[in-house]
Amino acid sequence: MADDAVPQAPIWHEGERAIQAHVGVVERMQEVGSRVIRSFMPDQHRTFYQQLAFVVLGSVDPDGAAWATLVEGQPGFLSSPSPHELALGALPLRNDPALGGIADGAALGLLGIELHTRRRNRVNGTVRMAPDHVPTLVVGQSFGNCPQYIQLRDATYSREPGTPSAACAQHVPSLDERARAMIAAADTFFVASYADSSGNDRQVDVSHRGGKPGFVRVGPDDMLTIPDFSGNLFFSTLGNILLNGRAGLVFVDFQSGDLLQLSGTAQVLLDSPEIAAFADAERLWTFKADQIVMRPGALALRWSFREDGWSPAALATGQWRQRGSWHRLRVERIVEESATIRSFHLQPLAPHPGWQHRAGQHLPIRVFVPGTEQPLVRTYTLSSAPADPLYRISVKRDGLVSSHLHDHLREGDVIEARPPAGGFHIDPQHPRLAVLIGAGVGITPMVSMLRHLMNEGQDGVPARPVVLLQSARSAADRPFAAELADLADKVRSVRVLGDPSGAEAGRDYDVAGRIDLALLSSVLPFGDHDFYLCGPGGFMQAVYDALRGANVPDHRIHAEAFGPSGLQRRPDPGEARTLSAIPSGVAVPVLFDASMKEARWTPGDGSLLELAEARGLDLAFGCRSGSCGSCKVRLVGGTVAYPKTPSAAIGEGEVLLCCAAPAEGSDPVRIEA
């Protein structure tokens, strides 16, 4: 066979194809595999292996147990006499359980990796143990790997490589304190797996996994749960596990040279509620060891972590405690805003979660109410600006949880919260006049937006032109009176009371009655404005209908219903089709076809454009508000929703990324981007 020939055997085995089918990339990966999976090593790979100081090796012992290990030597201990051969100048030491899987004709997997450059290449094949010759790996498959999730480390030798450690290998029945600590601190480990074909051919693979320390969760029963992040969609490891459920893991203490080697059973979780519990995980897999070997000082190599060594891809992932769990926030201050509304100023306890909300978003909180079996979850809009030192929610006494907060929550108490979420927010950089209209407690997001515009502006002038209209039933029911009065000379505001009894015109209110088109026409200049509405459903619908009746485009009216009320919208004339406004309430897998990137959208993640950018994609966009159509791409699969109906025309089979999200009940979303 010529060196540049493509293998005649199937490129992917049935386990790999099954997961590719789950993601929806079988045809695409067949084309990719035919280009990148080779039956020989290209010259650059041959040179790469020859310069390595160690290689990761995966083997299978006679009992079918998979083992992963590191084999080290002086650079040059690996060599390639031909594109189809890799000579192994060193093998695992005698106390290494991976040595039991190395014999003439045995299948092996190798991972060549440089931690100081993030380069890595994989090769698998069979061992040829010729008498009086260096063992040789006859290449079956050779392919490159992307550098994601690799932390930068520099290596030195503490002794001559290949010299056994003075410490004995320790076989233990379960994960002890040292092993658990090693796993919990790991930002890197390696995994060996294998698959047997119907022709009795065995294919062994060994791969790298990386993330933030703690990304491998150790359960009380020694079960490890590992997130699978977006990668190259080969699924060599998970495809093997799907077929035979065996794997071998090795964890390295890079400072001491200790190796923790585990062999046991594994399971792939393609659909699990826990996937959403780890930020940026696309799948999960679990591992339970039935053999555990600790080898103190097994390696002569020692590594130091570079000052700038974190992989950007690893840092972009979350941690188990950040999603699916709750952060504790202490109540620092409580302020009576009106007869029925109370503000709670909240300070996250250490470690600070680092949330950065957008003006107008809400905060999901969880409280334990006496008499209820389970904690109750509610969302309350943040009335603080993103730059404010504390989070502030302003709660109207209306229902079980809000009444509990009013009656029982005190300064110094602790509640639990998840990151802020929601698609109702304002762009402070847009030059168009922003008209903020809030009724009752619906003024809450408007206060957040107004504070944000003032913070982003200069010399007491808001970042964009703004007019505030606030409606309340009575003076006693009007919240934030003092706070908004401080801005009276900087921002045009109109205070409206439904019942002005006992109130003084000019001091307590500006207009008696309600907010309607006549009032808006009298206080607003002629022009093209953005309207932001929040309040009771009937109020919002009436204002919306009045604005639409005055030919205000639908896409210029941004609204958030308070409570269960919804807004019945009327699309702009000429809109190609009715667009769904209900985004999914659960996580939805998303595949960016052209970029071969996968992601998992979860409620609160924003638009598909924001999701793409979080995955490192640089996609075209213009207005980010659904007007220009610059971010329009082909929708290959799934359905999307538009919480804010865009003004740009969208045809069948198209998606406007800047304002779309996976729709309620959607299959996995596939986008040609």
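Predicted model: local features only at pLDDT ≥ 70, side-chain atom pairs only at ≥ 80, totals over all residues.

User: How many cavities of 30 Å³ or more does the structure hold, and how much space lies in the largest cavity?

Analyst: Counting those of 30 Å³ or more, the structure holds four cavities. The space in the largest cavity comes to about 350 Å³.

User: Which element supplies the largest share of the lining of the largest cavity?

Analyst: Strand 6 (119-128), strand 13 (224-228) and helix 5 (236-244) are among the elements that each supply at least two lining residues. Another on that list is strand 11 (202-210). The largest share, four residues, comes from strand 11.

User: Which residues are closest to the centre of the largest cavity?

Analyst: Good one to follow on your screen! Of the 25 residues in the lining, the closest to the centre are Arg209, Asp228, Phe229, Gly231 and Asn232.

User: Now to another spot: is Leu611 buried or exposed?

Analyst: Leu611 lies in helix 12, residues 608-614. Leaving aside neighbours within four places in sequence, Leu611 is in contact with Val590, Phe592, Ala599, Arg600, Trp601 and Asp605. Buried means under 20% relative accessible area. Because its relative accessibility is 4%, Leu611 counts as buried.

Definitions and conventions. Residues numbered from 1 in each chain as written. Heavy atoms only, no water. 1 Å grid on protein atoms, 1.4 Å probe; cavity = no way out; pocket = protein on both sides within 12 Å on 5 of 7 lines; lining within 4 Å. Points joined across faces, edges and corners; volume = space filled by probe spheres on them. Buried < 20%, exposed > 50% of the residue type's maximum accessible area, 1.4 Å probe, protein only. Contact = heavy atoms within 4.5 Å.
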